[in-house]
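Student: I would like a close look at one part of this structure. Please take me through a single place in the chain and then show me how other parts pack.

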Amino acid sequence: MSQHLADDLPDATGTKALRVWLESSGYARRLLLGAEGDPWAEGAAKYLSFFTQARGLLRSDVAVVNVGDLFRSWLAHHPELAAEMGSKRRATYPLRRMLEEEGPRALLDEVAEAVGAHLQGQVPLVLSTPAPGAWLAEAQRMAGREPAVDADTTEDAAMYVADFIRCVSQRPVGGLLIEEEETPGPADRYGPLLNAARHYRWSVVGRGVALQDAARFDAVIGEGDNVTGRDISAALFSGGELPKAGPAQFLYAQVPVDHPPEAVLDAVSRLQGGPA
């Protein structure tokens, strides 16, 4: 394993370290903190405690910090920010104002430093964010507006996210995961964000992106054969037959938040090929 995701992404040799990517943050939060629990609410030390316990529950070849969850938590505890986000009429202002807030930037910087020290380069630390257009729409809703997103505002959103990730540019981050909603956004407008991430030598992974945009990313997570990360969540947690990963693929699974712990352990054991 490596601190840099690029070193672990599978290739045709089949010798790279990334074989299983488990997304279990929602499940771990419910199990460890309760349905209303918030690992971000009490600072970096509280988050690190949650993070280490969550990794103890289910091991993955990648360690992910969900930045979207950080801002959802911050806005829940700072409603005055949501009011400020809606104070100007420009369509992109809610996201711009949200990402400018110093508190979340400082907290993410502390968390990235603490998590990186805990991992000691054993697995890559990856930041997860919503795709630029999806994040803009979410920020607009948080500001009390109906979402209004097009190609131009998506490109502006990508610039704001690119500026935001500078706050952890000196931390041991190894990659960026960009997560689309059900309808993928125009990835040809993500240039400012993709360029910034690669400037920091982060690999960029897209989840749920349109197949015609796959070449813009270092890896893509989705269903089927023509992706780097094969999403087997549905088959894994329904007890169905698991598709095999090719030599240049890894397997990805998102643990359902409300799945029973015994069933999760059985499914993960089946995925990793060992006893429960």
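Tutor: A residue counts as buried under 20% relative accessible area, as exposed over 50%, and as partly exposed in between. The model here is a predicted one. Take P256, whose relative accessible area is 32%, so P256 is partly exposed. P256 sits in the loop between β8 and α12, the latter spanning 261-272. Leaving aside residues up to four places away in sequence, P256 touches Y27 and F237. L176 is 80 residues from P256 along the chain, and their C-alpha atoms are separated by 22 Å.

The strand β8 also brings us to the aromatic rings. Searching the whole structure gives eight aromatic pairs. In one of them, W21 and F250 are stacked, with 5.7 Å from centre to centre and 25 degrees between the planes. W21 belongs to strand β1 (residues 20-23) and F250 to strand β8 (residues 250-254), so this pair ties together parts that are 229 residues apart in sequence. W21 has 1% relative accessibility and therefore counts as buried. F250, at 0% relative accessibility, counts as buried because the cut-off is under 20%. Elsewhere, ring pairs join W40, Y47, F50 and F51 into a cluster.

Now the helices. Helix α4 (residues 67-77) packs with helix α7 (residues 102-119) at an angle of about 135 degrees, and their axes are 11 Å apart. That angle makes α4 oblique to α7. The crossing of these two helices, α4 and α7, is right-handed. On the α4 side the contact involves V67, L70, F71 and W74, which meet G103, P104, L107 and L108 in α7. Sorted by class, the contact of α4 with α7 holds seven nonpolar residues, one polar residue and no charged ones.

A second pair is α6 (residues 93-100) with α8 (residues 132-142), packed at an angle of about 90 degrees with axes 8 Å apart. That makes α6 roughly perpendicular to α8. From α6 the contact takes P94, L95, M98 and L99, and from α8 it takes P132, W135, L136, A139, Q140 and M142. By class, the contact of α6 with α8 has nine nonpolar residues, one polar residue and no charged residues.

How values were computed:
Residues are numbered from 1 along each chain as its sequence is written. This is a predicted model: local features need pLDDT of at least 70, side-chain atom pairs count only at pLDDT 80 or more; totals for chains, interfaces and linings use all residues. Side-chain values use heavy atoms; hydrogens and water are left out. Axes are lines fitted to C-alpha atoms, for helices over the stretch in contact, and angles run from 0 to 180 degrees between N-to-C directions. Helices (H or I, at least four residues) and strands (E, at least two) are DSSP runs, numbered from the N terminus. Angles under 35 degrees count as roughly parallel, over 145 as roughly antiparallel, 65 to 115 as roughly perpendicular and the rest as oblique. A crossing is left-handed if the near helix is turned anticlockwise from the far one by less than a right angle, and right-handed if clockwise. Contact means heavy atoms within 4.5 Å. Ala, Val, Leu, Ile, Met, Phe, Trp, Tyr, Cys and Pro count as nonpolar, Asp, Glu, Lys and Arg as charged, and the others, Gly among them, as polar. Rings of Phe, Tyr and Trp (its six-membered ring) pair if their centres lie within 6.5 Å; planes under 30 degrees apart count as stacked, over 60 as edge-to-face and the rest as tilted. Buried means under 20% relative accessible area, exposed over 50%, partly exposed in between (1.4 Å probe, protein chains only).
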